[in-house]
Amino acid sequence: MPPARELTASDLKCVCDATQFGFQSTKDVEPLGDVIGQRRAVQAITFGLEMPGPGYHIFVTGLPGTGKTTIVQDIVKRHAAKLPVPNDWCLVNNFSDEYRPIPIAVPSGRGAVLSKSVARMVDQLSDRIAREFDSESFQKKREELDQRFSSQKKTHFERLDQLAKEKGLQVVRTSTGYQSIPLKDDKPMSPEEFQQLPDEEKKVIGEHIHAMGADIELQMREVQKVNQARQKAIDELMEQMALFVVKDRVDELRDAFRGWKEVLAFFDALQADMVENVKYFVAVNEPGAEKIQGLPPIQVFFRRYYVNVLVDRRASAGAPVIFEPNPTYQNLFGRIEKRAVMGTLETDFTMVQGGSMLQANGGFLIVDVEALLMNPYVWEAIKRALQNNQLQIEDMATWTGFGTASMRLEPIPLAVKVVLIGDHGVFRMLQHNDSRFGKIFKVRADFDHETERSGPAMHQYAAFVSKVCREEKLLHLTPEAVAAVVEYGEKAIAHQRRLSLRFGPTVDLIKEAAFWACKDGATLVGPGHVDQAHEQHRLRHNLYEEKIQAHYVDDTLMVDVDGAVVGQVNALAVYQTGEISFGRPSRITATTYMGKSGVINIEREAKLSGRTHDKGVLILSGYLGATFAQAFPLNLAISIAFEQSYSGVDGDSASSTELYAILSSLADVPICQGIAVTGSVNQMGQIQAIGGVNQKIEGFFDVCRAKGLTGEQGVIIPHANVQNLMVRQDVIDAVAAGRFHVYPVKTIAEGIEMLTGAPAGDPDAKGHYPSASVFGRVSEKLRQYHRKAAAAKKATRE
């Protein structure tokens with residue numbers, strides 16, 4: 001029997017005392033307003049938010065479920081609420097180059113006002129200008145101009161008639177131009193009459209007609225000049241009238257946006273373009289205006305004056321905080337949309353949309369870095385924008401060289417603080433492979449996944465539960481239920497003196513416990529509901545675990561839980577299936593014989609072994625050599641195997657188990673099969689801590705209970721793992737009843753004594769172990785191997 005050095009039931013779990021909570025339910029507890037156990041991360045985030053200058057953007061790291069996204073958003077929002085609301089951003093037409101529209105900053109909340117005011121002004125001007133041009137005063141001025149220039153044209157035509165008359169000709173206008181016709185008795189001569197004239201007279205008339213052609217051309221040029229002067233005068237008259245009307249209306253907007261240079265510059269350009277294109281305003285009220293030759297559709301033309309509001313902060317209070325869940329290039333930087341027209345695509349500045357980066361300009365942008373890196377072009381674009389402090393809205397189609405002609409906006413000044421959220425692996429990858437990463441994201445906020453278990457921390461847990469219940473509108477918890485949640489936090493982190501800060505699973509536990517409480521018709525959530533929520537969650541995920549368990553019961557998986565066998569030990573492994581993990585025993589066997597091959601790891605030879613497991617096996621050779629080969633060399637071959645293992649094996653938590661099997665085989669001492677073992681070992685024979693100790697204990701207990709508890713079964717664990725014990729209540733009850741045992745050990749010697757019931761043995765001054773001890777038997781077996789090997793070698797020589 002193993003020596004009675006074992007842990008008591010109280011050692012297997014750290015119980016949270018519910019009496020420390022001075023409330024009847026969490027309804028009496030003030031909701032959590034602080035962050036539990038993340039002082040370092042909160043300080044780093046606060047520093048990054050308050051630190052001015054380029055490059056002080058923040059990269060938040062931490063395990064999933066630590067609440068880093070929620071906490072970051074909360075901290076950033078509280079900080080942003082103290083800051084002023086930044087400007088709105090609008091996009092206006094560049095009247096000198098329509099392919100390069102101009103972004104302008106507008107006072108916060110005034111972008112929509114500007115857009116509506118300009119649109120209303122355009123609509124009003126289209127009516128007012130038309131009315132002004134139909135007015136009596138304008139028509140009178142127009143008639144005066146027409147009369148003046150008509151008189152000038154009449155003078156030129158009269159001069160032309162006089163010149164023709166002097167040459168006996170008459171100038172008539174035809175469909176092909178002006179022609180000179182000879183006269184006879186002041187009447188036009190017919191062609192027949194002209195042909196009957198003597199040749200000499202026809203020659204003279206021909207000379208007169210030729211000379212008259214030059215006179216006609218000269219006078220027509222003069223008439224054309226008069227027409228041009230007339231049109232210029234009419235245009236000037238229209239522009240003067242338009243300027244009077246437009247300026248009066250635009251001046252109202254200038255007064256509303258006084259002091260904003262970019263907006264006023266837009267008004268100046270808009271006014272000049274409206275005056276220059278006043279004919280569109282005149283034509284808009286004419287019948288068939290949409291089909292007037294030489295003019296684009298009137299309403300399409302008027303779009304050039306509209307204001308496209310890219311960012312509207314009318315409902316904002318403080319600086320913006322934008323969380324972008326889907327950071328594609330268009331969602332972050334904006335897009336230029338297109339419309340199909342007559343089989344082609346066209347666009348204009350009114351079809352430009354801003355992205356999250358522009359929405360966050362003057363504030364803060366929060367992005368999940370893994371989602372960001374999954375989208376092409378985004379990472380380089382966001383670094384470029386942050387380094388240059390400029391935002392460029394571009395059409396991605398033009399990057400490929402196959403896009404249609406598009407616009408290129410003027411860059412927008414960028415003043416945004418970016419917070420990236422990711423895990424440690426992504427942070428290390430970027431840090432090691434991107435030279436610009438460290439220059440841009442100088443602030444790292446690392447979220448811890450655990451905190452010290454203290455009175456204040458447990459009361460903060462209660463305040464956290466109160467906050468969740470209020471926000472999710474759940475039933476409140478009793479003090480005993482809060483204690484159960486605290487114990488769940490201890491078990492999740494597998495440490496009696498620490499609490500888990502991965503609040504994602506904790507929130508789910510609270511919600512599900514409240515659900516079961518409602519099903520029971522309870523008014524408060526009790527500890528039984530918390531346990532039920534945990535059990536039901538496990539039930540939904542542990543079908544594979546139960547299938548494995550059934551294989552132990554029907555001996556498909558061969559594991560002995562009683563008796564004693566030489567060279568055979570039950571090791572413990574942890575299986576991970578989705579959200580849960582569970583422990584199960586595996587049989588390890590070792591055979592020893594003479595040879596030079598040393599330790600043969602069958603898993604390694606079959607390529608089923610990971611590097612860490614291989615290292616653990618190699619350490620065994622070092623221990624055996626240091627312990628037993630000081631006086632003579634080892635002539636030994638050892639074969640170690642995980643029986644019925646058909647998939648990969650990794651980790652070194654079974655290295656002590658493998659060593660126990662080897663020592664048992666060499667000493668020919670049987671090992672108690674009711675004791676399973678976990679723990680790694682170093683070359684000095686010291687037992688080192690391992691992971692998953694609770695799952696391993698519970699897993700072997702389940703197998704022993706299924707096969708029948710004898711009262712002699714238990715588990716050997718590293719002494720360093722005692723602080724990690726948070727096992728199930730049924731295991732604790734079995735230990736308290738003496739039906740199951742947990743033994744902590746610090747060395748291989750302690751473990752082999754518990755497994756065999758024989759003393760391990762201490763060496764004397766010459767390094768000899770007592771012959772009846774396990775180590776004495778091992779040493780003697782190895783000495784025999786050495787003598788036989790020497791004899792065989794001598795015989796071979798002879």
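Me: How do helix 23 and helix 27 pack, and at what angle?

Reply: In general, two packed helices are described by the angle between their axes and the distance between the axes. Here, in this predicted model, helix 23 (residues 655–667) meets helix 27 (residues 774–797) at about 65°, with axes 8 Å apart. Helices (H or I, at least four residues) and strands (E, at least two) are DSSP runs numbered from the N terminus. Axes are lines fitted to C-alpha atoms, for helices over the stretch in contact, and angles run from 0 to 180 degrees between N-to-C directions. So helix 23 is roughly perpendicular to helix 27 (65 to 115 degrees counts as that).

Me: Which residues of helix 23 and helix 27 meet?

Reply: Contact means heavy atoms within 4.5 Å. From helix 23 come Leu663, Ser665, Leu666 and Ala667, and among their partners in helix 27 are Val774, Phe775 and Tyr785.

Me: And the sheet: what is the strand order?

Reply: Two strands pair if DSSP finds at least two bridges between them. Five strands make an open, parallel sheet, ordered 8-13-16-1-17. Strand 8 (321–324) and strand 17 (443–446) sit at the edges, each pairing on one side only.

Me: How many bridges join strand 1 to strand 16?

Reply: Four, linking residues 58–61 with residues 417–422; Phe59, for one, has Leu420 as its bridge partner.

Methods: Residues numbered from 1 in each chain as written. Predicted model: local features only at pLDDT ≥ 70, side-chain atom pairs only at ≥ 80, totals over all residues. Heavy atoms only, no water. Parallel < 35°, antiparallel > 145°, perpendicular 65-115°, else oblique.
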